[in-house]
Structure formats: C-alpha cells, structure tokens
Amino acid sequence: MSAVHQVNSEIAYDLMHEHLDTILTLLERSVPKDEIVRQVGSAATVDRMLRCGLVAKDGDALKAVANVYHQLRQEGMVSFLEHYVLPTLVGETAAGAAALLKTCSLAIDQTRAAGLRAGEVQRLFDALTQVSNTPATGPTARLTVMVFGTSRRLDAGDDGQDDLDLALRHLQQAALQRAKPDERGLAVLSQYVFLADLARQRAASAVVEDFVRSLEPERASSIKEATYHLTVATHWASASPGGHELRQ
Amino acid sequence: MADSMQQTVMSACDHVGLVGSELRKMLAHEIPAKILLRRGRDVVLLSGATGAGKERIAQVAHEAARRTLGRKGELVEVSCANLGRGLFESELFGHRRGAYTGADHDHDGLLGRAQGGTLVLDEVQSLAAEDQARLLRFLGEREYRSVGASDTHVSDALVILASNRDLRGLVGEGKFRRDLLDRALAKISVPSLYERRRDIGELSQAFALEAARELGAEDFIGLTRRALADVETAVVRAREVSVRRLKEIIRDAVFALAADALPEAIESDMLLPILEAELAFQVADRDLEDQRELAAEYDLLIGRARLTEIVHEHKVSKRTLDRLCGAIKTVIDEMHDQPRSYRNVVERTNRLAKVALWLVSGAATQAEFRKFFGSLEAEMPTKSVAHQIYYEVFGDDAKGRTPAARRDPSDAEDEL
C-alpha cells in the first residue's frame, strides 16, 4: 500500500465526498464488500470506486489503497466552503463536539509565507498521519483539522473579535486569495480528515498545539503589524458522551 | 393554512416536473400569496424572460389551485402572438353559429373552456389596442358575451397574463394599456436562469439524466461536480436567461458524447468545448466567478451556517424555522412600505424578537410558551402578552381551529 494516493479523477473526487465515512473506515481496516455495498447503497457505486482506484479488493473484502488520500478542490469555492468547511468550523461549539480553535497573526515575509504550505502545514499533516496510524481502542468519530492562512491584510476593526469571527475572516481572505492565480501560493486552505478515538483526538490536539507553538517566535504584536494570518481548527464529533468534557 | 398551501405547491411542482429548488421555494411563497389565499380571483401577471419557465409555472399554479381551491376546470393556454388580428374576440369569448361568415358552428371560446380552471394568455403584450380594451372590459366585469350571442356568461377562470417584456416600459411607450397592467393585482416575477445559481446545476443534472434515459444508458450518473460548477459559472457569466437553452446545451453534450460512447459521467474536459462554443466559457472564468461569488455571498454563507447550527442545537423544527423566516420577511417587506423612522424600526424589530422567542421556545400553546420562561408567575410573560404574541406568530391560523387546540386540549383555556 502506498503512502499517499492522489485523487485526480473527477468521478473519484465526487465519490470521495459522497462516501467519505466509508473511505475513512477502509483506512482503518478491510471491510467485507457486502457491508460496503450496504453502506454506500449500491453495488454499482462500489464497482465505480474500484474502477477509479479509490479502493482495492482484499479477498472478499475491500481495503484502502493508501495511508493518506490527497485531493485538490474540484468545485466552486463557495460550494466547497458551504458544504465542507463552514459547517465544521461553525459547528465548533456544537454540543458533543470537541473543538480546538487557534488564530494567530504573524510577521513574516512573502518568501516565508509562500513556503508555509509545503513546509509547516505539510509537517503538521504528516504528524497527524502518524497519529491516525496509532491503534484505535475506543469508539471513533470523524476528526477534521483545518488550516487557513492568508497574507492579505485584515481590517483594523478585526482586532478584538472573538476567535471564531476572526477565523471566519481568515477563511474568507484565504479563499479569495486561493481564487487569484497570482496570489494563490501565499494562501493556505487545507483540511485533513481521519477517524479518531479519544486517544487519537488527544494526540491530534497535542500535535496542533505544537504546530501553533512553533509559530510563536514569528507572532506579530497586533493585527495591524501582521503580514500573515493563520487559523488552525479541529473538530471531533465524539462518538461517545465523554466528548462533552473535552470541549476546549 | 399557509404551511399546507406551501406543501401543495411543492406537490404541484413534482406533478408538473418543475426542477430547481430556488424557483420551487419562491413559488411556495408566491403562489399561496398571489393566487391561493386570494382564491384565484385576482388577475395574475406572470413576467419573466423567454424560456425562464413561465409555462411550467402556470401549470404549477393551475395544479395548486385545483388541489387547494377544488377547481375542476382545465388549463387553457394561448399565445396572443398567434391570434390573428380580429380573431381575439372570437377566440376568447367564443361565437354563435352564423355570427360571421365561416362561423358554421357554435364555439365556446377560451373562456368557456377555462370555466372552473385556468386561462393563460401568453405574450399578452402582443394584443392589439382594441383587443387590450376588450380584455380590460372582461377582467373588470368578469362577464362576457360570445360573438353573435345575446346572453352573457360569467367566468370564474383563474386568469394569468404572461409576458416576457417589461410591460411598464411598454406602457411608457404607449404600446400597452396602463389600466390593463393595473388590473393584474397579483404580480409574479420569475427570475432569469442566471439569477438562480443553485437551479442551474439541478436542471443540468436532470436534463443530462433524462437524455441518458432516452438512450437507455442505465449506468450514467450525470455531470461531475467540476462539470456542474463549470456549467453554473458559464450560465451566470453569460447571463443566460433561458432554461430551454440550457436544456438544449446539455442534451447536445449528452448526444454528442453518446455518438462515440456515453461515459459513466460527464467530466469538465468533455463539456469544455461545448461551453466555450455556446456560452463563451473559459477556464479562467472559474477563478473570476469564485472571486465574485465570495465577495457577494460569503457573509450570507456564514449566516446560513450559523442558522443551521442554531437550528440543530436547539432542535428547532423546519416548520418553526420557516415561520420565523416568514416573520422576518414580513418585517422587512413592511419596512419598504413604512417610513424608516427609529420608532417604526424599533417597533417592528421588537415584534420580531417576540415572534422569534415563541418559535425558539417550541411551544404549541400559550400555556407552554409561558412555561418556557419558568414555573413561577413572576418569571412568565403575562397571559395577555402570550396571547398577543400567539396571534403575531400564527396570524390567520389562530382564528380558526388552531394547531395548538388540536394538539393539546388541556391548554384550551389559552385559546380564544
């Protein structure tokens, strides 16, 4: 099994979004084909997943083809935000969800900003892959880690906003910047999703805390002085009632 | 009452096969407000660009009126542009045998056929001045006399005047009668296709699947998200108004691909040459449209996401949310009609806050609403306040047998 599977085909992209929970389960273990057919609702869909190379046969079962699936957005930005990003970000405070939301403003130059995505953010995701590969012992639920970064200046009025409002502004500016070919490389708009039990969720939170701490030396003294704005958010819709006590 | 009318409109949309959630949502509000609650007595002006779907909407209106108002007559549609000069009177009102040369039998006319049903006069702007006068006279009195007859008939048809032109502009140019325009008390304006972004994708998918069914392609799943996003962008940027044109483009794409072998899905690169040729779409438009949409809709998206979260967290039902949105819309609509003084605005927003409180409380009765705030009298709103808010929320529903009374007779003391 390869380390990373790049999802390029449009049909595979759609299948990933429509059946993400199934793919996440297959990343954990092989599952009998019949059970997958039941989950996705039709044998034709499973055959399509096989044809696209999203999953592979493992005897009578199906398995994931890599440890990590990587895909780039293939739909309109607003649709992407509406369906995959905002519900998770705004649902940060929902009952039963364990969430971590960190915003920071940095004073870095453009070269450094352009390197964040392939550098620190990729290392964060690599660390999360390690977390996702640790054995899960308890009930699992989807854990999403989102990173938005933008070198666009924010209004001075954004200073003093609460973290969620600030994160939403970061997201807006990152999305706008990603939609501009000449500025695209300066913005980050990425998310990493896997199934986590309580232990993985805690480990992932620690990884995220470390990531934010690593940027501390570059933190700007105020939004006005900042040249880069970054948000890291995690969302774990806990499968157990114990998730309530983990709200942060 | 309004809830069940909205459901009826949705069922009528299904019956007629009207696709497009944005348009359906609009009709679920407009048809009850402009037709059903008025019991179909007011003349309706249905305006919108060519191909925007006026014909289908008229069918939905007819079907909804049939189901809600118990009308049993048929739907009669005619294009005024196709009625030759001098034929309108005879076509609309009918004629008696021998009324004029060639009238060798009695003819009921459109109004006769539409008795108890719906009459749609499409392209009403094409009527000659004298025919506009005849139509005006009929719409005022609802009585007509067939050509060559001495007796008069009364029509109860729901009359829909449809036009793809700006009738106000035509009035200004002296080509359409102002009093005829004013006679249409209920006006429904159909947004053009490019103004209904969500509908573009839904319609495209429906048209593609329909064409594939005709080809017997069972495994075809439609357009991919990327392809759908491109169609949406192409239609919006080309400001394409017509659903018919979109249908033509998508069907062309399906049949052109099927000439070789229809793939299991239409991907964006397969569609690109067609979108380039038909709608001048370019790949660079993707980014431009993303920028435009983000600038226009980001705050709205956040609002929608927050609302969804609140609804989820407080277990607010869809019905309650619809009512709340209706109450907000009423307040906003009233703002346009009233002077926007501080006093007026505060009065209305205060009322809205009370309505919102009721809806969030999830109460079915006035007693339940009061108990939402606590168990002690001092914690609750007074009975008269609860009573007043109840009527502000439920409006006309509260005058008849209320849902609350049906659900919980023990609270009947709170009902009027």
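Let me start with helix α2 of chain B, residues 21–36, which bends by about 30 degrees at B:Glu30. A proline, B:Pro32, follows within four residues of that point. Before going on, please keep in mind that this is a predicted model.

Staying with α2(B), which of its residues are buried? The list is B:Leu23, B:Arg24, B:Leu27, B:Ala28, B:Glu30, B:Ile31, B:Pro32, B:Lys34, B:Ile35 and B:Leu36. Both B:Glu30, where the helix bends, and B:Pro32 are on that list of buried residues.

Now to the place where the two chains meet. Chain B gives 28 residues to the contact and chain A gives 34. Together they bury an area of about 2800 Å², and carbon and sulfur atoms account for 53% of it. Of the area that chain B buries against chain A, 26% is supplied by B:Arg225, B:Leu294 and B:Tyr298, which is more than any other three residues supply.

How many salt bridges cross this interface? The rule finds 10 between chain B and chain A. One salt bridge to look for on your screen joins the side chains of B:Asp287 and A:Arg184, with N and O 2.7 Å apart. Counting polar contacts, chain B and chain A share 18 residue pairs, with both residues at pLDDT 80 or more.

Which elements of chain B give two or more residues to the side that touches chain A? They are α10 (225–238), α12 (268–279) and α13 (285–313). The largest share comes from α13(B), with 15 residues. Sorted by class, this side of chain B has 16 charged, 9 nonpolar and 3 polar residues.

Next, chain A as a whole. Chain A has 8 helices and 9 strands. It has 248 residues, and 54% of them count as buried. Among the contacts in chain A with a separation of 6 or more, 81% are between residues 24 or more positions apart.

Two positions in chain A will give you some bearings. A:Gly138 sits in the loop between α6 (110–132) and β7 (141–150) of chain A. Is this glycine buried, exposed or partly exposed? A:Gly138 has a relative accessible area of 31%, so it is partly exposed. From A:Gly138 to A:Ala204 the distance is 15 Å, C-alpha to C-alpha, and the two are 66 residues apart in sequence.

The other position is A:Asp210, in helix α8 of chain A, residues 198–214. With a relative accessible area of 44%, A:Asp210 is partly exposed. Its side chain makes a polar contact of 2.5 Å with the side chain of A:Arg213. A:Leu72 lies 138 residues from A:Asp210 along the chain, and their C-alpha atoms are separated by 26 Å.

That leaves the salt bridges. Over all chains the count comes to 46. In chain A, A:Glu28 forms one with A:Arg200, and the closest N and O atoms are 2.7 Å apart. A:Glu28 lies in helix α2 of chain A, residues 20–28, and A:Arg200 lies in helix α8, so this pair ties together parts that are 172 residues apart in sequence. What about the surroundings of these partners? A:Arg200 is buried because its relative accessible area is 3%, while A:Glu28, at 31%, counts as partly exposed.

In chain B, B:Glu210 forms a salt bridge with B:Lys247, the closest N and O atoms being 3.5 Å apart. B:Glu210 is in helix α9, residues 197–214, and B:Lys247 is in helix α11, residues 243–260, so the pair ties together parts 37 residues apart in sequence. B:Glu210 counts as partly exposed at 28% relative accessibility, and B:Lys247 counts as partly exposed at 29%.

Another salt bridge in chain B joins B:Lys175 and B:Glu173, with the closest N and O atoms 3.2 Å apart. B:Lys175 is exposed, with a relative accessible area of 52%.

I will end with a group in chain B. Which residues are linked in a network of salt bridges? They are B:Arg197, B:Glu232, B:Arg237, B:Asp285, B:Glu289, B:Arg292 and B:Glu293.

Definitions and conventions: Residues are numbered from 1 along each chain as its sequence is written. Chains are lettered from A and ligands numbered from 1 in the order in which they are written. This is a predicted model: local features need pLDDT of at least 70, side-chain atom pairs count only at pLDDT 80 or more; totals for chains, interfaces and linings use all residues. Side-chain values use heavy atoms; hydrogens and water are left out. The bend at a residue is the angle between axes fitted to the seven residues ending there and the seven starting there. Buried means under 20% relative accessible area, exposed over 50%, partly exposed in between (1.4 Å probe, protein chains only). Contact means heavy atoms within 4.5 Å. Buried area is the accessible area (1.4 Å probe) that two parts lose on being put together, summed over both. A salt bridge is a side-chain nitrogen of Lys or Arg within 4 Å of a carboxyl oxygen of Asp or Glu. A polar contact is a pair of N or O atoms within 3.5 Å; within protein, one must be able to donate a hydrogen and the other to accept it, and residues adjacent in sequence count only if both atoms are side-chain atoms. Ala, Val, Leu, Ile, Met, Phe, Trp, Tyr, Cys and Pro count as nonpolar, Asp, Glu, Lys and Arg as charged, and the others, Gly among them, as polar.
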